[in-house]
Amino acid sequence: MLLGAMKVAQSATEKGPQIVSGEMQQAAEFAATLLEASAPGFAGMASSLLLERHPEFRAVWGEDASSRWKKHLQQRLLELAAAIRVGEPALFVSRVQWTARAFIAREAPLESVVRGLGCLRDILAERLPEPGRDIALSYLDQGAKGVGLAATAESSALRGSAPETRLALRYLAAGLDGRTRAAEDLVLEAVDSGLDPRAAYLEVLLPAQVEVGRLWHDGEIGIAEERVLTGTTQRILPQLARRLQPAAERGLTAITAAVRGNTHDIAMRVVSDLLEADGWRTVFLGPDVPPEEVQRAAEYFDGRLVVLSAALTTQLGDLEETINALRGMPDNGPRIIVGGLALDGAPDLWRRLGADAYSASIDGLLDTAADLFPAT
Ligand code: B12
């Protein structure tokens with residue numbers, strides 16, 4: 001059962017999540033399920049309506065205008081469904097703002113984001129049955145209002161003059177320039193000359209990854225450059241792991257995984273390495289792991305802690321299914337810590353999903369794990 005089983009849903013007002021009646025929960029679940037199932041159809045209708053109302057957009061998006069808008073609006077509908085299911089309108093608003101920033105960066109008319117949402121609204125008002133329609137329309141309205149508040153650009157994660165930041169900038173420059181070996185040497189030589197390997201992970205490589213994402217989002221680099229830097233980072237990670245000073249073994253196993261659908265596994269790789277250095281035996285399952293496989297691994301390896309990551313809000317259902325699968329194990333299963341960008345902006349959501357803890361950062365996760373399992 002997905003998140004509709006939660007004791008919380010979002011009212012059709014512009015407030016945060018709140019406890020509401022079982023009826024409201026059912027309405028939210030119903031709307032979310034229907035939106036997911038009908039997303040291609042609704043998106044196709046909204047895309048046709050948009051181009052009928054605004055033929056001038058054809059000149060901007062060319063011959064594929066119709067299919068590109070359909071794809072775009074379909075993704076918004078899936079994000080809308082995900083936000084409704086967890087009762088968090090802010091998650092939908094942040095997705096719309098993310099889109100708005102991408103449009104601004106690519107000099108596409110910002111007005112078209114609002115118009116597109118308006119067409120979705122009209123289609124849903126006509127076609128989405130009650131219960132749940134009002135919730136969907138309210139979320140769409142909040143999304144449309146958020147467009148105007150979208151920042152024109154994200155600020156760089158690499159500001160300031162700390163030596164680690166300067167190293168991250170040099171690493172990024174070499175990596176983006178395709179000088180992979182030089183980029184690798186920069187980081188490893190710094191560590192061999194005294195830089196704490198933890199700082200190399202958390203203050204050099206990860207901020208460089210976040211920065212490359214920002215540059216891509218802002219249209220300043222393409223996918224190829226992002227892939228080159230990510231590949232370089234992935235080459236360095238195992239070499240850094242060998243340079244971490246291991247603490248005394250705890251005799252406990254932690255399983256780490258990016259949930260089904262989430263192909264971002266670098267954070268989990270880093271978490272695994274740092275937990276291992278903290279005395280855990282770690283089992284890193286990698287990206288896109290189905291709930292039943294996480295559960296099977298927890299059983300097979302006797303995992304006492306499971307760390308899960310979801311990057312996109314559309315992966316929240318997969319996260320919840322994974323937690324539920326683990327909770328079905330004897331004694332309520334292992335302890336579960338969750339994190340990832342999907343939970344950003346919804347600080348209490350982890351509780352409702354049934355996890356034991358949430359951390360926004362990897363540093364914080366290590367403290368949380370230590371709190372859950374105090375050394376004896
Ligand atoms: C590399 C990358 C990819 C690679 C991933 C390769 C890999 N093996 O990991 C590929 C190319 C596959 C990819 C695909 C996509 N990506 Co991508 N990607 C990135 C990028 C540039 C770097 C990711 C990374 O390594 N970051 C460093 C790690 C450590 O950061 P992180 O994963 O965010 O984790 C941090 C926190 O979230 C937290 N954390 C994460 N998980 C957990 C778990 C726990 C328990 C804890 C405590 C903490 C924690 O700790 C980390 C450090 O602070 C980011 C930019 C960014 N801001 O990160 C975009 C980014 C994450 N991607 C993005 C998008 C949109 C996509 C795609 C949808 C693109 C597309 N149209 O296809 C797909 C979706 C894939 C999917 N189904 O999941 C967006 C997500 C926006 C959003 N919030 O919705 C980002 C933010 C880019 C951007 N600026 O817009 N991506």
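Rings of Phe, Tyr and Trp, with the six-membered ring taken for Trp, form a pair if their centres lie within 6.5 Å. The exercises below apply this to a predicted model.

**Exercise 1.** State how many aromatic pairs the structure holds, and classify the pair of Trp69 and Phe103.

Solution. 
- The structure holds seven aromatic pairs.
- In one of them, the ring centres of Trp69 and Phe103 are 6.0 Å apart, and the ring planes stand at 65°.
- Planes over 60 degrees apart count as edge-to-face, so the pair of Trp69 and Phe103 is edge-to-face.
- Trp69 belongs to helix H3 and Phe103 to helix H4, so this pair ties together parts that are 34 residues apart in sequence.
- Both Trp69 and Phe103 are buried.
- Ring pairs also join Trp69 and Phe103 with Phe57 and Trp61 in a cluster.

**Exercise 2.** Work out how helices H3 and H4 are arranged relative to each other, and describe their contact.

Solution. 
- Helix H3 covers residues 65–86 and helix H4 residues 89–105; their axes come within 8 Å and cross at roughly 155°.
- Angles over 145 degrees count as roughly antiparallel, and H3 and H4 are therefore roughly antiparallel to each other.
- The crossing of H3 and H4 is right-handed.
- From H3, the residues in the contact are Trp69, His72, Arg76, Glu79, Leu80, Ala83 and Val86; from H4, they are Leu91, Phe92, Arg95, Thr99 and Phe103.

**Exercise 3.** Classify the ring pair of Trp280 and Phe373, then decide whether each residue is buried or exposed.

Solution. 
- The ring centres of Trp280 and Phe373 are 5.2 Å apart with the planes at 90°, so this pair is edge-to-face.
- Trp280 sits in the loop between helix H11 (266–277) and strand S4 (281–284), while Phe373 sits in the segment after helix H15 (362–372); the pair links distant parts of the chain, 93 residues apart.
- Buried means under 20% relative accessible area.
- Trp280 has a relative accessible area of 3%, so Trp280 is buried.
- Phe373 has a relative accessible area of 8%, so Phe373 is buried.

**Exercise 4.** Locate Pro246, and decide whether Pro246 is buried or exposed.

Solution. 
- Pro246 is in the loop between helix H10 (223–241) and strand S3 (253–258).
- Exposed means over 50% relative accessible area; the value for Pro246 is 59%, so Pro246 is exposed.
- Pro246 and Pro347 are separated by 101 residues in sequence and, from C-alpha to C-alpha, by 32 Å in space.

Conventions. Residues are numbered from 1 along each chain as its sequence is written. This is a predicted model: local features need pLDDT of at least 70, side-chain atom pairs count only at pLDDT 80 or more; totals for chains, interfaces and linings use all residues. Side-chain values use heavy atoms; hydrogens and water are left out. Axes are lines fitted to C-alpha atoms, for helices over the stretch in contact, and angles run from 0 to 180 degrees between N-to-C directions. Helices (H or I, at least four residues) and strands (E, at least two) are DSSP runs, numbered from the N terminus. Angles under 35 degrees count as roughly parallel, over 145 as roughly antiparallel, 65 to 115 as roughly perpendicular and the rest as oblique. A crossing is left-handed if the near helix is turned anticlockwise from the far one by less than a right angle, and right-handed if clockwise. Contact means heavy atoms within 4.5 Å. Rings of Phe, Tyr and Trp (its six-membered ring) pair if their centres lie within 6.5 Å; planes under 30 degrees apart count as stacked, over 60 as edge-to-face and the rest as tilted. Buried means under 20% relative accessible area, exposed over 50%, partly exposed in between (1.4 Å probe, protein chains only).
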